[in-house]
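Here is a model to explore together, one question at a time. Take a look at it before reading on.

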Amino acid sequence: MYCAIYRSKKKEGTYLYLAEKDKFDDVPEALMNSFGQPEFAMMINLDKRDKLAVVDINKVKQSLQSDGFFVQLPPPPDAALQAIRNKNEKL
């Protein structure tokens, strides 16, 4: 199973996986609006991989088969980093 991966120019660390390259028909309009102009990143063969770096490969495959797309959001910041960010915002 091949899939195309696009990165968001609007939301850093957000990626859109599609079952077919450049086929955005299954992606809801609201999601496309918040995602922004997709930038093609790569094609990968999910059948030749055991895992992906950030998300569960089985969830990706299931979502691609049922919905035609999968959205990978950036991981939440860890608590220590968030505490530093909160202090910096007060300055």
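Strands are DSSP runs of E with at least two residues, and helices are runs of H or I with at least four residues, both numbered from the N terminus. This is a predicted model, in which local features need pLDDT of at least 70, side-chain atom pairs count only at pLDDT 80 or more, and totals for chains, interfaces and linings use all residues. Residues are numbered from 1 along each chain as its sequence is written, and side-chain values use heavy atoms, leaving out hydrogens and water.

Q: In which strand is Met43 found?
A: Look for the strand that covers residues 38–45. Met43 is part of that run, which is strand 3.

Q: Is Met43 buried, exposed or partly exposed?
A: Buried means under 20% relative accessible area, exposed means over 50%, and partly exposed is in between (1.4 Å probe, protein chains only). Met43 has 40% relative accessibility, so Met43 counts as partly exposed.

Q: Why does the pair of Tyr17 and Phe70 tie together parts that are apart in sequence, and by how many residues?
A: Rings of Phe, Tyr and Trp (its six-membered ring) pair if their centres lie within 6.5 Å; planes under 30 degrees apart count as stacked, over 60 as edge-to-face and the rest as tilted. The structure holds 3 aromatic pairs, and Tyr17 and Phe70 form an edge-to-face one, 5.6 Å centre to centre with 80 degrees between the planes. Tyr17 lies in strand 2 (residues 15–18) and Phe70 in strand 4 (residues 69–72), so the parts joined are apart in sequence by 53 residues.

Q: Are Tyr17 and Phe70 buried or exposed?
A: Tyr17 has a relative accessibility of 5%, so it counts as buried. Phe70 has 14%, so Phe70 also counts as buried.

Q: Which residue lies over the face of Phe40?
A: Phe40 forms one aromatic cluster with Tyr6 and Phe24. A charge sits over a ring if NZ of Lys or CZ of Arg is within 6 Å of the ring centre and within 35 degrees of the ring normal. At 4.4 Å from the ring centre of Phe40, the residue over its face is Lys21.

Q: How many bridges pair strand 1 with strand 3?
A: Two strands pair if DSSP finds at least two bridges between them. Strand 1 (residues 2–8) has 5 of its 7 residues buried, so it is largely enclosed by the rest of the structure. Tyr2 stands opposite Asn45 in strand 3. Strand 1 and strand 3 pair in the antiparallel sense, and the number of bridges is 7.

Q: In strand 2, which residue is the bridge partner of Ile5?
A: Strand 1 and strand 2 run antiparallel, joined by 4 bridges. In strand 2, the partner of Ile5 is Tyr17.
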